[in-house]
Amino acid sequence: MPYALHETLEVHEIAAFKTVCLTKSKTMKLLVTDPSLKEILLQDVELSTRQLQELGAILTKATV
């Protein structure tokens, strides 16, 4: 199903934001010493990675 241009751009914006979040979580994970906070950051890294894969699949369909 083809997407409208504004829909594709919105998905790009979300993907860019999630990429920044992923980068921040990965960076902070190395600096944090509290085990609970480190676990939260690890969960965020895993979740953000999955979400970016899903957004990538949506963008792939949008360009076909």
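The model is a predicted one, in which local features need pLDDT of at least 70 and side-chain atom pairs count only at pLDDT 80 or more, while totals for chains, interfaces and linings use all residues. Residues are numbered from 1 along each chain as its sequence is written, and side-chain values use heavy atoms, with hydrogens and water left out.

The chain holds two helices and zero strands, where helices (H or I, at least four residues) and strands (E, at least two) are DSSP runs numbered from the N terminus. Its radius of gyration is 15 Å, well over the 11 Å that the globule rule gives for 64 residues, so the chain is more spread out than a compact globule; the radius is taken over C-alpha atoms, and the rule is 2.2 Å times the number of residues to the power 0.38. Along the principal axes, the C-alpha trace spans about 45 × 15 × 10 Å. Of the 64 residues, 22% are buried, a term that means under 20% relative accessible area, with exposed being over 50% and partly exposed in between (1.4 Å probe, protein chains only).

Helix H1 covers residues 5–31 and helix H2 residues 35–63, and their axes come within 9 Å and cross at roughly 155°; axes are lines fitted to C-alpha atoms, for helices over the stretch in contact, and angles run from 0 to 180 degrees between N-to-C directions. That angle makes H1 roughly antiparallel to H2, since angles under 35 degrees count as roughly parallel, over 145 as roughly antiparallel, 65 to 115 as roughly perpendicular and the rest as oblique. The residues of the contact of H1 with H2 divide into 14 nonpolar, seven polar and five charged, with Ala, Val, Leu, Ile, Met, Phe, Trp, Tyr, Cys and Pro counted as nonpolar, Asp, Glu, Lys and Arg as charged, and the others, Gly among them, as polar.

Ser 25 lies in helix H1 and is buried, with a relative accessible area of 7%. Leaving out residues up to four places away in sequence, Ser 25 touches Leu 41, Asp 44 and Val 45, contact meaning heavy atoms within 4.5 Å.

Val 32 sits in the loop between H1 and H2, and this residue is buried too, with a relative accessible area of 12%. Beyond its neighbours within four places in sequence, Val 32 is in contact with Leu 37, Lys 38 and Leu 41. Val 32 and Thr 63 are 31 residues apart in sequence and, C-alpha to C-alpha, 40 Å apart in space.
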